[in-house]
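Here are my notes on the model you sent.

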Amino acid sequence: MEELEMQVVHVEQLIEEGNLVALEDFLNELNISDVEELIDELPEHGALFLETLNLKRAVNVFRILDFPTQERIFKKLPATKVREIINEMPPDDRTSFFGELKGDVVKRLIIMLSPEERKEALSLLGYPEDSVGRLMTPDYITVKAHWSITRILDHIRRYGSASETIDVLYVIDSEGKLIDDIRIKDILLADPETRVGELIDNRLISLNANDPQEEAVTVFRMNNRVALPVVDEQGIMLGIVTIDDILWVANEEYTEDMQRFGGTEALDEPYLDVSILHLVKKRAGWLIVLFLGQLLTATVIEHFETQVASVVFLFALMPLIISSGGNSGSQASTLVIQAMALGEVTLVDWWRVMKREIISGTILGVILGVLGFIRIATWQFFTDNYGEHWALVALVVSLSLVGVVLLGSLTGSMLPFILRRLGADPASSSAPFVSTLVDVTGLLIYFTFITLILSGVLL
């Protein structure tokens, strides 16, 4: 942190002195992540930094900035610099940037591209939003099955600098269909006269250009790859997706899920860049839904109020019951959503999940029920708060806890399946939503046991 502060002071001094040559030398010696931090600290000078850096480093810095910062800087850059940067950007990063911009802005930028880059950009933008096609780059190296290792190495020397990565080479046939992929390690260790076909192991893993990006994240996670090929419906190779793009998507998905868990819509920009009005709009919808749910809770309490008004301690025990149900529901919901995100659970597994939650929810409910009984018995021993029928009160609490925890586990675990089946994001079954549902049903369970067990005794 101290080093960053010193860099900020030094940069401000150079800018104040107008010493752009020294500024250029200083910025070009920093890691691109350090330059990004300087842009965060001195946002008003972000455009100046990109103008000062050499083109390659300027592009690498621009790639790792968040979109609001990218957009803000682009508005300040001269047209010549904008043209240079977008033509130099890797196709996948350029597609991601264009995909966030408004249509009229994209049209103006596409005109600035060279004919070849323009054709490439339009092709990638033609894929559905949030599809693998939007992530892929056409910069990769292909080889043929009859090539020798010597020929492959010559090919890499000639075209490797234009490739996104040379860690993996892709074997295609004469029609462009993907046959297999080969690691560069296998190429380097093989005899120079070995043919590519001898190295093929037929353990190919590929993505379809129309697959959702979430599925690509799962495939990468399960297969430990730095890059994967992308094909169309006929198996023709279209491009590759690299791990850096997948990590970016995974981070965005994680951020969205965390925001939805908290009972709010996902923010499209960093929190501090979102206007107050936009922030209110994102949060108001869920708060209204949850408020209406809590109105049902109030209605249940009012309905039973006259019946249990004479026994005040029954109301005091309500938080003990409903909070336990909400907690168990939130736990189950979080576990199932995480399992779905990791590809460990699919829609066809709903019955297996339900059986597991019935068993685990019952066991957890019994554990809390026993603790609830002990709590009532202990308080009765020291305070005599519950009178001569304390055991019946303890039984009500215990049975209610078993029922509420079981119900919470089932609700929390099944809601993600229902939402996924309806085509919605399972993360929308956020903890507050589950808690509100369980609050209403939990109170019904509690007051039902009160009515069944304590009628004619305390009521």
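1. Ala47 sits in helix 4, which covers residues 46–52. This is a predicted model, and every remark below should be read with that in mind. The relative accessible area of Ala47 is 7%, and the cut-off for a buried residue is under 20%, so Ala47 counts as buried. Leaving out residues up to four places away in sequence, Ala47 touches Ile73, Lys76 and Leu77. Ala58 is eleven residues from Ala47 in sequence, and their C-alpha atoms are 10.0 Å apart.

2. Which residues does Leu50 touch, not counting those up to four places away in sequence? They are Ala58, Val61, Phe62, Ile73, Leu77, Lys81 and Ile85. Ile73 and Leu77 are also among the residues that Ala47 touches.

3. Leu50 belongs to the largest nonpolar core, which has 40 residues. Together with Phe74, Phe97, Phe98 and Leu109, Leu50 touches the most other members of that core. Helix 1, residues 2–17, gives the most to this core, with five residues. Another core lies apart from it and has 24 residues, including Ile376, Tyr386, Leu415 and Leu454.

4. Helix 5 has Arg57, Ala58, Val59, Val61 and Phe62 as its buried residues. Ala58, Val61 and Phe62 are also on the list of residues touched by Leu50. The buried residues of helix 5 pack against helix 2 (20–29), helix 3 (32–41), helix 4, helix 6 (67–76), helix 7 (79–88) and helix 8 (91–100).

5. Two elements, helix 5 (55–64) and helix 10 (115–125), each give two or more residues to its lining. Helix 5 gives the most, with four residues.

6. What classes of residue line the second largest pocket? Its lining has eight charged, five nonpolar and three polar residues. Of the 16 lining residues, Glu88, Pro90, Asp139, Ser161 and Ala162 lie nearest the centre of the pocket.

7. Ala162 lies in the loop that runs between helix 11 (149–159) and strand 2 (168–172). Is Ala162 buried or exposed? Its relative accessibility is 54%, and exposed means over 50%, so Ala162 counts as exposed. Ile141 is 21 residues from Ala162 in sequence, with 8.9 Å between their C-alpha atoms.

8. Ser409 is found in helix 19, residues 390–421. The relative accessible area of Ser409 is 3%, so this residue is buried. Apart from neighbours within four places in sequence, Ser409 is in contact with Ser328, Gly329, Ala332, Glu357 and Gly361.

9. For the protein as a whole, the model has 20 helices and six strands. Buried residues account for 43% of the 459 residues. The accessible surface comes to about 24400 Å², and 58% of it belongs to carbon and sulfur atoms. Among contacts between residues at least 6 apart in sequence, 67% join residues at least 24 apart.

Methods. Residues numbered from 1 in each chain as written. Predicted model: local features only at pLDDT ≥ 70, side-chain atom pairs only at ≥ 80, totals over all residues. Heavy atoms only, no water. Buried < 20%, exposed > 50% of the residue type's maximum accessible area, 1.4 Å probe, protein only. Contact = heavy atoms within 4.5 Å. Areas by Shrake-Rupley, 256 points an atom, 1.4 Å probe, with all protein chains shown as cover. 1 Å grid on protein atoms, 1.4 Å probe; cavity = no way out; pocket = protein on both sides within 12 Å on 5 of 7 lines; lining within 4 Å. Nonpolar A, V, L, I, M, F, W, Y, C, P; charged D, E, K, R; others polar. Core = buried A, V, L, I, M, F, W, Y, C linked by side-chain atoms within 4.5 Å.
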